[in-house]
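Student: I would like to learn how the features of a model such as this one are read. Could we go through them one at a time, with the general idea before the case?

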Amino acid sequence: MRTATQTSPLHPALAGLALSGAVAWAAMSLGNIGWLQDHGFSALTVAIVLGIVLGNTIYPRLGASCGEGVRFSKQTLLRAGIILYGFRLTFQDIAHVGLVGVVIDAAMLLSTFGLAWLVGTKVLKLDRDAALLIGAGSSICGAAAVMATEPVLRARSEQVTVAVSTVVIFGSLAIFLYPLLHTLQAEPAWGLRLPDFGVYIGSTVHEVAQVLAAARSIDQHTADVAVITKMVRVMMLAPFLLMLSMKAAPTTSGHQHNKLSIPWFAFAFIGVVVFNSSFPLPASPNQWLLQANTLVLSGARAVLGLSTHLSALRSAGIKPMILGAVLFAWLVVGGALVNGALGRLLA
């Protein structure tokens, strides 16, 4: 007779995949609620919240039967989600924002990430992985960048979740702040004269959903420009990961590794963008792929939440949030200065 310890190893893997899929499906359903969309809470954000709730209530009792599948999902779903993300981007997007938008995006990415490393490691004395993850989320594309950076750094789950938390908190603040700043720029006393407010939003707000929510509160033109600018910024994720793998991986978390951690999925991501630019799919298959991408990334975030313990988040302390606040201040204030200066210089 087969005992409980002799069950097929396929069973727990399937159980974990099923759990991840169920949470992802629930997150996508909740993500379609109008109020959540209007406030920048996409299915991906909902997924990690649901994962954390389940991870600290029900999941500990299911770990024995689901743990293998959850670990498999954490590695596989993330990489698949980043690759499929390429179907959201084309090189034609670059033409829409022009040289100005690309240069501003690059300037904000480099300055924000550099500030995260400097303040995080030198001033706040944070673990380097934690500082770099927060910097990736603030400088590129929010939680997607955090999760894509995690396998390159080999960071811990609680560090990833803390970094994602900064994206959710300060990106949500941006949704309400930027429309207010747009109103204030009409006041002569403020001296805020930006060539294109959509480029400003797209180059400085954390998540795509948050960009859309903030820009849509202003007008449709601002929303269109902001999203395109943001997608160009997302496209910079692949070269960022490649550079980071060469610089950060050998001494990650204080350990020496024998070989370079090359994010091969970043090459696949670039390949998908090239394909999508050269051979655009019809609307129906493309929409199906985008839905699949949302489902896969939601599953990856759900798994991240399932493996996160609130005690670990509490032990992280206030320093990660201080770093997130410093970066948010730079994105708002420094971003306005960079947009104003480069926008006029390159116009």
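**Reading the model feature by feature**

Tutor: Let us begin with accessibility, where buried means under 20% relative accessible area, exposed over 50%, and partly exposed in between, with a 1.4 Å probe and protein chains only. Glu158 is partly exposed, because its relative accessible area is 25%. Before going on, note that this is a predicted model, in which local features need pLDDT of at least 70 and side-chain atom pairs count only at pLDDT 80 or more, while totals for chains, interfaces and linings use all residues. Residues are numbered from 1 along each chain as its sequence is written, and side-chain values use heavy atoms, with hydrogens and water left out.

Student: With which residue does Glu158 form a salt bridge?

Tutor: A salt bridge is a side-chain nitrogen of Lys or Arg within 4 Å of a carboxyl oxygen of Asp or Glu. Glu158 forms one with Arg156, and their closest N and O atoms are 3.0 Å apart. Arg156 counts as partly exposed, because its relative accessibility is 43%. A search of the whole structure finds 1 salt bridge.

Student: How many helices and strands are there in the protein?

Tutor: Helices (H or I, at least four residues) and strands (E, at least two) are DSSP runs, numbered from the N terminus. The protein has 16 helices and 0 strands. Of its 347 residues, 52% count as buried. Taking contact to mean heavy atoms within 4.5 Å, residues 24 or more positions apart account for 81% of the contacts with a separation of 6 or more.

Student: Is Ser20 buried or exposed, and what does Ser20 touch?

Tutor: Ser20, placed in helix H1, counts as buried because its relative accessibility is 0%. Not counting residues up to four places away in sequence, Ser20 touches Ser73, Leu77, Gly299, Ala302 and Val303. Leu17 also lies in helix H1 (residues 10–31), but Leu17 is partly exposed, because its relative accessible area is 31%.

Student: Which residues touch the most other members of the largest nonpolar core?

Tutor: A nonpolar core is a set of buried Ala, Val, Leu, Ile, Met, Phe, Trp, Tyr and Cys residues joined through side-chain atoms within 4.5 Å. Of the 61 residues in the largest core, Val160, Leu237, Phe240, Leu241 and Leu323 touch the most other members. Helix H7 (residues 143–153) gives the most to this core, with 8 residues. A second, separate core of 18 residues includes Ile201, Ala215, Ile218 and Phe328.

Student: Where does Phe328 lie, and which residues does Phe328 touch?

Tutor: Phe328 is in helix H16 (residues 319–346) and is buried, because its relative accessible area is 11%. Not counting residues up to four places away in sequence, Phe328 touches Phe170, Leu173, Ala174, Leu177 and His206. Phe328 and Ala174 are 154 residues apart in sequence and 8.6 Å apart in space, C-alpha to C-alpha.

Student: Finally, what is the phi of Lys125?

Tutor: Most residues other than glycine have a negative phi. Phi of Lys125 is near 60°, a positive value in a residue other than glycine. Lys125 is found in the loop between helix H5 (92–123) and helix H6 (128–141), and counts as exposed because its relative accessible area is 60%. Arg154 likewise has a positive phi, near 60°, and lies in the loop between H7 and helix H8 (157–184). Arg154 counts as partly exposed, because its relative accessibility is 35%.
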